[in-house]
Structures are given as structure tokens and as C-alpha cells.
Amino acid sequence: MSQKVSDHLLDRLRAWEVEHVFAYPGDGINGLLAAWGRADDNPRFIQSRHEEMSAFEAVGYAKFSGKIGVCAATSGPGAIHLLNGLYDAKLDHVPVVAIVGQTNRSAMGGSYQQEVDLVSLYKDVASDFCEMVTVPEQLPGVLDRAIRTAVARRSPTALIIPADVQELDYSPPGHAFKMVPSSLGMPQYAPVPGDEDLARAAEVLNAGEKVALLVGQGARGARQEVMAVADRLGAGVAKALLGKDALDDDLPYVTGSIGLLGTRPSYELMVGCDTLLVIGSSFPYTQFLPEFGQARAVQIDIDPHMVGMRYPFEVNLVGDARRTLARLLPLLDTKKHDSWRERIEKNTARWWEVMQRRAAVDADPLNPEYVVHALDGLLPENVILSSDSGSAANWYARHLRLRGAMRGSLSGTLATMGPGVPYAIGAKFAHGDRPAIALVGDGAMQMNGMAELITVAKYYPEWEDPRLIVAVLNNQDLNQVTWEMRAMEGAPQFLPSQSIPDIAYADFARMVGLKGIRVEKPGDVVDAWQAALAADRPCVLDFVTDPAVPPIPPHATLDQIEAAATSVLKGDSDRAAMVRQGFKAKVQEFLPGHRHRTDRPGARDEKDGT
């Protein structure tokens with residue numbers, strides 16, 4: 001029996017050691033589905049409930065495995081549904097290959113059913129490589145290039161395969177004119193900068209007296225080198241959110257996340273430094289970096305297209321973070337750990353005290369900060385964490401201290417709703433022997449997380465460690481946008497857009513065969529986490545949380561917070577009446593930086609700017 005194009009595609013994926021394809025079926029890939037049957041489901045076809053979830057699962061798998069993620073979908077609507085997840089991969093620089101069907105070649109241009117110009121549609125999201133296979137001999141070269149490009153460029157790529165081409169007999173490219181033979185394998189390489197550039201960078205860093213490091217996901221493989229450089233320079237280290245697991249949070253000089261969801265000591269680190277070293281990050285918010293002209297700056301990034309942005313860097317080093325830092329380290333002078341480092345460590349210790357106090361504030365019924373803060377001390381040493389976008393990301397960024405082998409991620413740059421649960425599913429297929437925890441808001445849970453619990457129920461029996469915990473912060477409010485409207489627009493909560501139903505998430509989990517616990521009392525929070533971590537199956541924790549707990553930015557002033565509070569009071573709901581009684585007091589107790597309360601821990605000192 002001759003091998004069909006679809007058979008060879010799966011054979012080639014196996015040769016590339018692809019073990020899972022996250023997908024949803026449809027007649028545009030019927031040829032591939034038949035080939036999967038002939039191949040005894042190798043690589044595994046992982047069926048989601050929606051193509052967007054397939055793409056998110058591929059992204060999560062790639063983020064947590066270090067391998068390429070592969071997703072597949074049918075023509076037309078299936079291919080369209082993949083796009084949001086593929087843009088998540090594009091913006092977070094994650095290697096994902098999308099394989100999509102297309103109508104038969106004979107029907108193209110005829111406004112046929114489900115005919116969409118996929119080459120045009122995908123040319124942005126898969127801008128590094130997008131190709132349609134029209135003859136069998138084209139397949140191996142196109143697939144190999146898609147995989148190599150995804151890995152080398154850390155980006156999504158796409159193969160479009162018409163339905164009739166999938167059914168053709170496969171014939172390899174020959175030794176002939178206009179044939180493109182191909183071969184397997186991805187060479188390993190790690191670029192490093194030249195000696196002259198390293199010397200210039202060392203000169204800048206050695207001249208500094210108050211050095212700050214900002215690390216992102218590109219520094220994840222350079223943990224020891226980052227620690228050595230920070231120690232040599234007496235520096236503090238802030239982390240972009242995608243680099244949250246790049247360095248241990250329990251190191252005294254690690255100030256935590258930076259930006260809108262970041263910490264006060266990270267903000268203070270950038271306000272006070274005179275020298276900045278950015279490693280493996282394209283953190284976009286310039287306003288959270290030092291003022292222009294305040295600091296001399298050096299950047300290290302493996303991608304030459306990503307250097308020189310965000311800040312007026314004096315030296316840009318293009319290279320692998322670990323190898324570049326290893327070559328840079330001998331050129332750096334050892335600085336005495338003076339008042340600068342002491343200030344950083346003091347500010348960081350004080351921040352964690354503030355976080356503990358904020359978590360202890362009474363709320364109606366649960367303080368979401370307490371829910372996440374209580375998890376921090378219970379985290380398994382090999383846990384994999386995902387967070388959805390929204391206010392859940394604030395608490396993930398500020399209250400969870402990742403250390404050792406712990407991993408965590410979220411949609412960092414696209415900041416899309418919906419990836420929390422599918423990221424965790426992808427993580428479980430990458431590491432079935434490790435527990436996974438997803439922190440999601442009720443908005444994201446209703447958007448797509450509930451349906452993906454069906455996927456969890458389908459596959460969890462095959463995971464060595466069956467624990468996948470979905471913690472729903474259920475406040476019946478699209479909370480992040482609500483607070484953004486209050487702070488930025490001075491507008492009260494607009495209920496028609498912001499209010500969402502209270503759904504029995506734990507009941508739904510039990511209905512599909514998972515464990516489910518609804519939590520409405522502070523005294524039950526720790527017990528719920530412990531029960532979920534001890535369970536023999538995935539668990540949904542439905543935490544009923546207070547929407548009046550504000551995700552305060554680290555740079556917020558009292559005037560800004562009061563403006564937000566005032567907007568709350570414009571409403572006439574019972575919730576607004578409760579807020580009127582206690583909101584401002586809550587905010588003032590834990591706002592660490594405004595100038596009118598210098599007696600408070602963390603207050604700004606007018607003289608030295610700390």
C-alpha cells in the first residue's frame with residue numbers, strides 16, 4: 001500500500017520527535033484524521049473543546065517543555081479559531097507549528113464552502129514562515145522549514161494543506177530541477193557577543209554605583225550566572241512577568257515583578273538606580289524603567305531584532321544569556337554591598353510584610369489576596385503555575401514566590417483572556433508527573449475554562465500525577481477592567497458590561513467527574529488548598545472573592561487611589577455602600593508610597609527618594 005501525503009506528514013512529525021498534536025477535527029483535515037488512525041494515534045491527537053484552546057495548549061506545552069508545540073485544525077472556521085492562541089505564541093516568542101486544512105485545489109477561487117484565503121489570513125501571525133503545500137514533493141521541505149523556523153525564531157509557523165493534497169500518494173523530492181530536498185535535525189547553537197562589545201558593557205557596569213538588573217524569560221537558563229553578576233555588582237534584580245520563574249523570589253535582593261502588576265520594591269529599584277542591565281526581556285512599559293538620562297544601560301538578548309528598544313541603551317549585546325554572562329562576569333569589578341544593596345533588601349523585606357498584611361484584610365466574603373497568599377507556603381516544589389489575564393494576574397505576580405524547580409507563565413504580551421486552564425493542560429502533557437495549578441478569574445472561566453474541564457476529565461487518568469487545580473476567583477465582576485475604568489476614566493462600575501453570573505463552578509467540576517470545592521469563609525481557604533493538593537484527581541476550587549479589593553499599581557499615589565474610590569461611590573448599589581464604609585481605609589493602610597504618610601512602612605522619604 002502506497003504512503004499518502006497525510007501518512008508521510010505524521011511520519012515526519014515522529015521523526016522530529018513530536019509526541020503530541022493539540023487539535024480539533026473537521027472535514028478539512030479528514031485525510032490527516034484517517035492517517036492518524038493508520039498510525040495508531042502517534043503522535044497523540046489531543047482533542048480540545050475548541051480550536052483556540054488547542055492553540056493555547058500547544059503554547060503552554062511549548063513554554064513548559066522547551067519543545068515545539070504543534071496544533072492542527074480544519075479549514076475555514078477551524079483555522080480562524082487558532083489565531084488568538086497563535087498570536088499569543090507570536091508575542092511571547094514561543095515556537096508553535098500550526099497545521100491547517102484547506103478546501104480542494106479544484107475549488108479554490110470559487111467561493112466554496114469554508115474557503116478562506118488562509119495564506120493571507122496567516123501571513124501576519126505566521127510571518128516568519130507560512131506556506132501552502134500543493135504537491136507531495138513539497139511536503140518534507142515545507143514541514144522541516146516550519147519546525148526549524150519556529151525553533152530558531154521562537155515564533156509560530158504554519159502549513160496549509162488542501163484536503164485533496166492530503167489524499168495524494170506521497171513521492172519524495174527528486175534529484176531534479178526545481179525540486180527542494182530536505183533533511184531532519186535542528187543544530188544547537190548559542191551566539192555570544194564579540195570581545196569589544198563585552199568590554200564596553202563591562203565599562204558601563206563597572207562605572208555604576210547603584211546597579212539594577214531586569215531579567216525576563218530569556219534569562220531562565222542563566223540562573224546561576226544572573227546570581228553571580230548580581231552579587232558581583234551589588235545589584236537588585238527585578239523580573240518581567242514572563243521571567244517570574246527565571247530567578248528565585250526568596251533571594252533577598254530579588255524585588256519581584258515589575259510594571260503595572262509589579263511590586264513596590266521593583267519600582268523603587270528603577271527609580272533609584274544609576275545603571276541598568278536588562279537580560280532576556282523586551283518588557284514594554286518604558287514608564288517603569290529609569291528616567292531617560294538617569295541611568296546608563298546595557299541590554300543582552302539573543303534576538304538582534306529585539307535589542308535597542310524600550311530604553312536608550314548604551315551597549316547592546318546579542319547573544320545567549322548564559323554564555324554571554326559567563327564571558328562578561330570576569331570583566332566585572334566586585335562592588336562592596338553598601339547602602340544601595342541594603343536599601344534594596346530592606347525594601348523587599350518590607351514589601352513581603354505589606355503583602356502579608358494586605359492578605360489579612362477582611363473582605364466580603366474572601367480577600368482574593370489572601371486566597372493566593374495562602375497558596376504561597378503550600379506550593380509543591382515542582383509545581384507548574386499558570387495564570388489568566390485580569391486581576392488574577394496581579395495576585396499571581398505579587399503573592400506567589402517561585403523558587404527552585406517551580407515554573408510559571410501567563411499570556412505576557414498579548415494579555416489575552418482564556419489561556420489559564422489550557423496552559424495547565426499543555427503543562428500536564430509536557431510533565432505528567434508534576435502538579436499544575438491555574439489561577440483564573442470567573443470571566444475567563446466562563447469564556448472557555450469550563451468547557452476545557454471536559455478535556456481535563458478526559459485525559460487526567462493517564463497522567464502520572466493526576467493533580468491539576470483550577471482556582472476560580474469568583475467575584476461576579478470583570479474586575480480588572482472595572483478597576484481600570486475607575487482609575488483611568490473616573491467612572492463607576494458599568495454593570496451591563498462588568499457584572500457576570502455566579503456559576504456553580506465546583507458543581508460543574510463534579511458533574512464531569514472532577515473534585516469541586518466551593519469556599520466562602522476565610523477559615524476554609526487553607527483547608528481547601530490542602531484538599532485539592534491531596535486529591536486523587538483534578539480539582540476546581542470556587543473561591544467567592546470580594547470585587548472591592550483593588551489591584552493597586554506599585555506606583556499609585558493617594559490622589560489616584562482616591563479618584564478610583566470616588567468613582568466607586570458614584571454607584572448606588574449595595575456594594576458601593578459597603579465600599580463607602582471601608583474602602584479608603586483599606587487602601588491607605590497598604591499604599592506604600594504616597595508622600596503624605598511618611599510614618600507608614602514603605603513610605604517615600606522626601607530626602608533620599610527611597
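Predicted model: local features only at pLDDT ≥ 70, side-chain atom pairs only at ≥ 80, totals over all residues.
Student: Which residues have the most contacts inside the largest nonpolar core?

Tutor: Those are Leu 82, Tyr 122, Met 445 and Val 470, in a core that has 52 residues. The largest share of this core, 7 residues, is supplied by helix α3, which covers residues 51-65.

Student: And what does Leu 82 touch?

Tutor: If we leave out residues up to four places away in sequence, Leu 82 touches several residues, including Glu 51, Ser 54, Ala 55, Val 100 and Tyr 122. As a general point, nonpolar side chains tend to be buried together in soluble globular proteins.

Student: What about aromatic rings, how many pairs are there?

Tutor: The count comes to 10 aromatic pairs. In one of them, the ring centres of Phe 22 and Tyr 61 lie 5.7 Å apart with the planes at 55 degrees, so the pair is tilted. This pair links distant parts of the chain, since Phe 22 belongs to strand β1 and Tyr 61 to helix α3, 39 residues apart.

Student: Are those two buried or exposed?

Tutor: Phe 22 is buried, with a relative accessible area of 0%, and Tyr 61 is buried as well, with a value of 5%. Ring pairs also link Phe 22 and Tyr 61 with Phe 429, Tyr 459 and Trp 463 into a cluster.

Student: Ok, switching topic: which ring does the charged end of Arg 401 sit over?

Tutor: The charged end of Arg 401 sits over the ring of Trp 352, 4.5 Å from its centre. Elsewhere, Lys 244 lies over the face of Tyr 396, at 5.5 Å from the ring centre.

Student: Which residue stands opposite Val 540?

Tutor: That is Val 470, and the strands involved, β16 and β18, pair in the parallel sense over 6 bridges. Strand β17 also runs parallel to β18, joined to it by 5 bridges, and here Lys 515 stands opposite Cys 539.

Student: What do β17, helix α21 and β18 make together?

Tutor: They make a right-handed β-α-β unit, in which helix α21 covers residues 525-533.

Technical notes:
Residues numbered from 1 in each chain as written. Heavy atoms only, no water. Core = buried A, V, L, I, M, F, W, Y, C linked by side-chain atoms within 4.5 Å. Buried < 20%, exposed > 50% of the residue type's maximum accessible area, 1.4 Å probe, protein only. Helix = DSSP H or I, 4+ residues; strand = E, 2+ residues; numbered from the N terminus. Contact = heavy atoms within 4.5 Å. Phe/Tyr/Trp six-rings, centres within 6.5 Å; stacked < 30°, edge-to-face > 60°. Lys NZ or Arg CZ within 6 Å of the ring centre and 35° of its normal. Pairing = 2+ DSSP bridges. Right-handed = clockwise from strand over helix to strand, strands pointing away.
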